[in-house]
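Here is a short walk through one model.

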Amino acid sequence: MTELAEEDGLSKLSTTNRRKQFALATAMVVPTVISMVSAAMAGYFILRASDSEPPADLSKLAVSILQSHDASPQMRAWAAAALGIPSDIPMDLTTGSTTRRKPAAQPMPLPKVPVAD
């Protein structure tokens with residue numbers, strides 16, 4: 001019977017050649033594994049986001065924030081934006097009515113100087 005592997009017939013690979021072959025095989029496999037893991041993680045997070053409970057009625061929350069007296073200005077700004085209330089209109093916080101804008105400052109008139117001919 002013939003021996004399948006003879007010591008003389010097989011060429012031995014040097015350490016550097018083995019390392020090169022291992023590095024090439026790793027370089028071919030690693031990007032595929034990274035993309036598969038990334039796709040699985042993206043799918044997981046999409047599933048978690050779509051499967052979560054929808055938030056409570058935001059308009060009720062925004063109205064309650066605007067009605068509370070101890071809400072911070074940032075919370076009030078968020079509530080106004082959530083309700084679609086324009087925030088560039090100045091309002092009196094005590095009465096809730098719009099304040100009249102002050103007219104723009106007019107330049108002071110120049111004094112009339114008599115001109116001598």
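**From fold to surface**

Read from the N terminus, the elements of the chain run α-α-α. That makes three helices and zero strands. Helices (H or I, at least four residues) and strands (E, at least two) are DSSP runs, numbered from the N terminus. The model is predicted: local features need pLDDT of at least 70, side-chain atom pairs count only at pLDDT 80 or more, and totals for chains, interfaces and linings use all residues. Residues are numbered from 1 along each chain as its sequence is written, and side-chain values use heavy atoms, without hydrogens and water.

Of the 117 residues of the chain, 4% count as buried. Buried means under 20% relative accessible area, exposed over 50%, and partly exposed in between (1.4 Å probe, protein chains only). Take the contacts in the chain with a separation of 6 or more: residues 24 or more positions apart account for 3% of them. Contact means heavy atoms within 4.5 Å.

Now look at helix α1 (residues 15-51), where M28 sits. M28 is exposed, because its relative accessible area is 65%.

Which aromatic residues pair? Y44 and F45 do, edge-to-face, with 5.3 Å centre to centre and 65 degrees between the planes. Rings of Phe, Tyr and Trp (its six-membered ring) pair if their centres lie within 6.5 Å; planes under 30 degrees apart count as stacked, over 60 as edge-to-face and the rest as tilted. By this rule there is one aromatic pair. Y44 has 45% relative accessibility, so Y44 counts as partly exposed. F45 reaches 53%, so F45 is exposed.
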